[in-house]
Amino acid sequence: MSTENSRKRIAVIGSGFSGLSAAAYAAKAGNEVHVFEKHNQPGGRARQFKTEEGYVFDMGPSWYWMPDIIEGFFNDFDCKAADYFKLVSLDPQFEMVFSEEKISVPEKNEDIRELFENTEAGSGKKYDQFMQSAQFKYEVGMKDFVTKPCYSWLEFASLKIAGSALKLDLLSNFRKYVSGYFSDPKLRSLMEFPVIFLGASPRDIPALYSLMNYGGYVLGTKYPMGGFYQLVMAMKDVAEKQGVTFHFNHDVQKLNTEDGKVMSLTVGDKDYEFDAVIASSDYHHTETLIPKSLRNYNDAYWKTKTFAPSCLIYYLGIKGKISHLKHHTLFFENELDNHIDCIYVNKKWPSRPLFYACCPSKTDPDVAPEGCENLFLLLPLAPGIHDEEAIREKYLKEMLERIEKHTGETDLISRIEYKRSYCVSDFISDYNAYQGNAYGLSNTLSQTAVLKPKIRNKKVSNLFYTGQLTVPGPGVPPSVISGKIVAQEVNKLK
C-alpha cells in the first residue's frame, strides 16, 4: 500500500477492461483515481445496448475464456465473480460448420478427447499430449510470462521462465506445431481457430499460444447470465469500492505537458490536473494528444506494425426461434487461408468468407423477447478497408443464407425485427481505433513481449499506456492483466 505521502492523483483515459483494471488496482494502492470515458457508459468495446423491442446486445466480447484469470482479478479485491453474476458452462462449447459436416465441441475434456479419437484414430492420445503441453504454457505463460512490464528481456531471466524457454515454443509457428500432432484438416481447424482471436495467421503466431486451447477447451467456455456486460459492471463496482470516480461523456482532447511530465488533461473547456496518466485509450490516438516530439512512436512506426483484424458485426433481433443453432457457431465451410490472406496480404473484402455467429438467447432468455432470438454475426476484415452500407448488406445476406443452409430455416431476412451494423468506420469513430482495428496488435513473434509498444512513455515520465496495443496483447484476460501491470508501475513513481 502507498503511504499518504506517496498518494497520487491518477487519471485513467478509457473504461475498457484494461482501464477498469488499472483504475481498481491503482486505487487499491491508496491513490485518488479518476476515469474519463467518452461514452455514456463503461466498457469500451464491451459496451451493451438495449432496444425498444427488448433485445439486449453485447457489442464486443462474447467468449468467456480463461475464467481463472478473470477470477484472479476479483480475488485480488477479496471477492469473487459469483458475487456479481452467474457463470454457466456451455455444452456444447461451440459448433464448427464445415462444407460437408459439422463438429460440436462438448463441455467435458474427456468427451473432446473422444471426439478427436473418433475423427482420427490415435488423435485422442495426441490430444492429451497437446493439452498437457498447452497446460504448461498456460501456467507459465499466463502466470509468469505475460505479467511482466516488458521494458527489457532481462525480466524473463528468472530460473522458471529461462528454464522453460524451449518448452514454451516461442520460436515455433502455431500451424507447424498443430500439424505435428494432427493430420485431419477439421481437427487442425479446431486447434487453429482460437489463435484468430490473437489477430494473425496461425502461420505467424508462436506455438506458445497453444495456451489458448487449454484456456478455452479444457477450462471450458462460459457465459455470464445477463451478457458479457455483467463483467464490465462488476469490475466498475470493484473499482468504485476502492474509491475510483468515473466521469462519463468526458472525451479527453489534449494532454498538457511541461518539463517532461503531463500536468493536466483538457476535456471540453476545462483542465484537470493529475500526477500521472494511464491511457487505456487507443495507443496511437493517445499519442496524437501530445506534441510529436514527445511521442514514443511516429506514424511510420505504426504503418510497419501488423494489426489484428477489424470486423463487420451485425446485431440482429429475429422473430421466432432459429432451430439447430448453438450459442456459438463458427462457419468454416471455406478455406481459412483464403480469408486470412484477404486480411493480411491482399487487404480486401473476402470472396469466400468465414464468419462467427453468437446466439446468446439459446442460453439466456433475458437477452431477447419471448420466442425470439438475439443474433450477433461477426466477419473478420482487414483494418482500414472501405465499408459502405451496400457492402455490409451484401455480406449480411450471405451470412444469413449460410445460417439457413445450416439450420434448415428459411427467409431469415424477413424475420429481422431489429438490425444494426458495425464496421471499420465505427471502430474509428467510437474508439479512435487505428485503421479501425477491432482487437489490437497481432501477437506475432516480432510483436511479442518486449517487442510490443512500451507501457511507459520514454519522454513523459508520468504517462503510461495499457490495453490491447501494448503488453500482454489482445483479449479480455490479457487486458485485465495489462491494467494490473501498469497500475503497479505507476505506483513506483516518486
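**Cavity, helix packing and backbone in a predicted model**

Q: Which element gives the most to the lining of the second largest cavity in this predicted model?
A: The model is predicted, and it holds five cavities of 30 Å³ or more. The second largest cavity is lined by 15 residues, with D58, Y223, C358, P360 and N374 nearest its centre. Two elements give two or more residues to that lining, β4 (56-58) and β17 (373-381). The one that gives the most, with three residues, is β4.

Q: At what angle do helix α1 and helix α15 pack?
A: Two packed helices are described by the angle between their axes and the distance between the axes. For α1 (residues 17-28) and α15 (residues 476-490), the axes are 7 Å apart. The crossing of α1 past α15 is right-handed. The angle is about 35°.

Q: Which residues of α15 make the contact with α1?
A: By class, the residues of this contact are seven nonpolar, four polar and one charged. From α1 come F17, S18, S21, A22, Y25 and A26. From α15 come V476, S479, V480, G483, K484 and A487.

Q: Which residue in β11 is the bridge partner of V252?
A: Strands β10 (residues 252-258) and β11 (residues 261-267) run antiparallel and are joined by six bridges. They form a hairpin with two residues between them, and D259 in the turn has a positive phi of about 55°. The partner of V252 in β11 is V267.

Q: Where is the non-glycine residue C150, and what is its phi?
A: Most residues other than glycine have a negative phi, and most peptide bonds are trans. C150 is not a glycine, yet its phi is positive. It is found in the loop between α4 (123-141) and α5 (159-163), and its phi is about 65°.

Q: What is omega for the cis peptide bond that joins D91 and P92, and for the one from V471 to P472?
A: P92 is found in the loop between β5 (87-89) and β6 (94-97). P472 lies in the loop between β19 (463-465) and α15. Omega is about 5° for D91 and P92, and near -5° for V471 to P472.

Key
Residues are numbered from 1 along each chain as its sequence is written. This is a predicted model: local features need pLDDT of at least 70, side-chain atom pairs count only at pLDDT 80 or more; totals for chains, interfaces and linings use all residues. Side-chain values use heavy atoms; hydrogens and water are left out. On a 1 Å grid over the protein atoms alone, a cavity is a set of points where a 1.4 Å probe fits but cannot get out, and a pocket is an open set with protein on both sides within 12 Å along at least five of seven lines; lining residues have an atom within 4 Å of a point. Grid points are joined across faces, edges and corners, and a volume is the space filled by probe spheres set on the points. Helices (H or I, at least four residues) and strands (E, at least two) are DSSP runs, numbered from the N terminus. Axes are lines fitted to C-alpha atoms, for helices over the stretch in contact, and angles run from 0 to 180 degrees between N-to-C directions. A crossing is left-handed if the near helix is turned anticlockwise from the far one by less than a right angle, and right-handed if clockwise. Contact means heavy atoms within 4.5 Å. Ala, Val, Leu, Ile, Met, Phe, Trp, Tyr, Cys and Pro count as nonpolar, Asp, Glu, Lys and Arg as charged, and the others, Gly among them, as polar. Two strands pair if DSSP finds at least two bridges between them.
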